[in-house]
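Here is a short tour of one protein chain and a ligand site in it. Have a look at the sequence and the model, and then we can walk through the site together.

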Amino acid sequence: MQGRFHLYEGYSLCKVTFPMRIFKLMGVETIVVTNASGGLCQDFKVGDIMVIKDHINLPGFAGQHPLCGPNDERFGIRFPCMSDAYSKDLRKLVLDITAELGYSNFVHEGVYCMVSGPNFETIAEARMLHILGSDSVGMSTVPEVTVAKHCGLRVLGLSLITNKVSLDYSREEKVNHEEVLQISKMRAEMLQNVLVTFIARSHQVETINNSNCIYSNAV
Ligand SMILES: O=P(O)(O)O[C@@H]1C[C@H](O)[C@@H](CO)O1
Ligand code: HPA
C-alpha cells in the first residue's frame, strides 16, 4: 500500500485497520509495516532503523482500540494474545540481512509506542513514555498490527527514527514534519535494499509463503 489512514486524520480505528482484514481475505500471510517515529532511546540516532520488537498501545489503554465492539469470530478470537505480535523469526531474518548489508551500526531492536497525535509530544509526555519503556514514539502502526495479529497474520515492523524526541527542557531544537519527510527520503534507498532482500529471502522462514504485503507511509 502507498500510505495509510491515521487516527489523527479523523478515521475510525475500524477504517484505519480495514486493509488488514482485506489482506487476510486475499490470502496474505505476512505483512511488513514501516513507519517514521521519534527516538526516545538515547542510543538512537536520526536515520537509524528500529526493528520493532514490541509495542505499547497507549490509545488502547484509553479505550481507543480497534477490536472494541462485537468480536467477528471469522477473523479471530475475543481475547487475542499480543505478547508475540512481531514475529521472532522475521526479526531475526531482517537483523541478519541488515548485518550482511553492512547496516548494523544503524539498526536496533526496540519498543514502539503509539500516541494519537497530531501534535508531537510535550517534554513531560516524552519523559513519561521513556520511563514506561518506549524506545520510540509515533502516530500509527499499532492498530494495524493488533488487527493483523488478531486474524493470524505474521508481522514485521520497521521504524525509521526521523528525529530525536526532546527529554530535556533546555534543548532548543523543535521537531517538525518536514524533518520527518526529509530523513525518510534520505533513508528510502537503504530501506528498499533491506526490504527487497527480505522478500527474496523470506522463503527461508519456514512458515512464510509468497503472500506478503508491504504497508507503509512516510518511508
Ligand atoms: O504513518 P507514519 O506513522 O509513518 O507517520 C508519521 C507519524 C505522523 O503521521 C507523521 C509525523 O511527522 O509521520
Ligand atoms: O517525535 C515524534 N513523535 C510522534 N510521532 C512521530 N513521527 C515521527 N516523529 C515523531
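Which strands each supply at least two residues of the shell around ligand 2? They are strand E1 (30–39), strand E4 (136–138) and strand E5 (154–164). Helices (H or I, at least four residues) and strands (E, at least two) are DSSP runs, numbered from the N terminus.

Before going further, a word on conventions. This is a predicted model, in which local features need pLDDT of at least 70 and side-chain atom pairs count only at pLDDT 80 or more, while totals for chains, interfaces and linings use all residues. Residues are numbered from 1 along each chain as its sequence is written, and chains are lettered from A and ligands numbered from 1 in the order in which they are written.

**The ligand site**

Around ligand 2 there are 13 residues, of which Ala36, Gly38, Val137, Gly138 and Met139 come nearest; a residue is near a molecule if its C-beta atom, placed from the backbone, lies within 6 Å of it. E1 gives the largest share of this shell, with three residues. By type, the shell holds seven nonpolar, five polar and one charged residue. Here Ala, Val, Leu, Ile, Met, Phe, Trp, Tyr, Cys and Pro count as nonpolar, Asp, Glu, Lys and Arg as charged, and the others, Gly among them, as polar.

**E1 and its partners**

E1 is mostly covered, as 10 of its 10 residues are buried, meaning that 20 or more other C-beta atoms, placed from the backbone, lie within 10 Å of a residue's own. E1 pairs with both E5 and E4; a pair needs at least two bridges found by DSSP.

| Pair | Sense | Bridges | A facing pair of residues |
|---|---|---|---|
| E1 and E5 | parallel | 10 bridges | Thr30 and Arg154 |
| E1 and E4 | antiparallel | two bridges | Gly38 and Val137 |

Gly38 and its bridge partner Val137 are also both among the residues that come nearest to ligand 2.

**The whole chain**

Stepping back, the chain has six helices and six strands, in the order α-β-β-α-α-β-α-β-α-β-α-β. Its radius of gyration is 17 Å, close to the 17 Å that the globule rule gives for 219 residues, so the chain is as compact as a globular protein of that length. That radius is taken over C-alpha atoms, and the rule is 2.2 Å times the number of residues to the power 0.38. Along its principal axes, the C-alpha trace spans about 50 × 45 × 25 Å. Buried residues make up 41% of the 219 residues.

Notes. A residue is buried if 20 or more other C-beta atoms lie within 10 Å of its own, exposed if 12 or fewer, and partly exposed in between; C-beta atoms are placed from the backbone.
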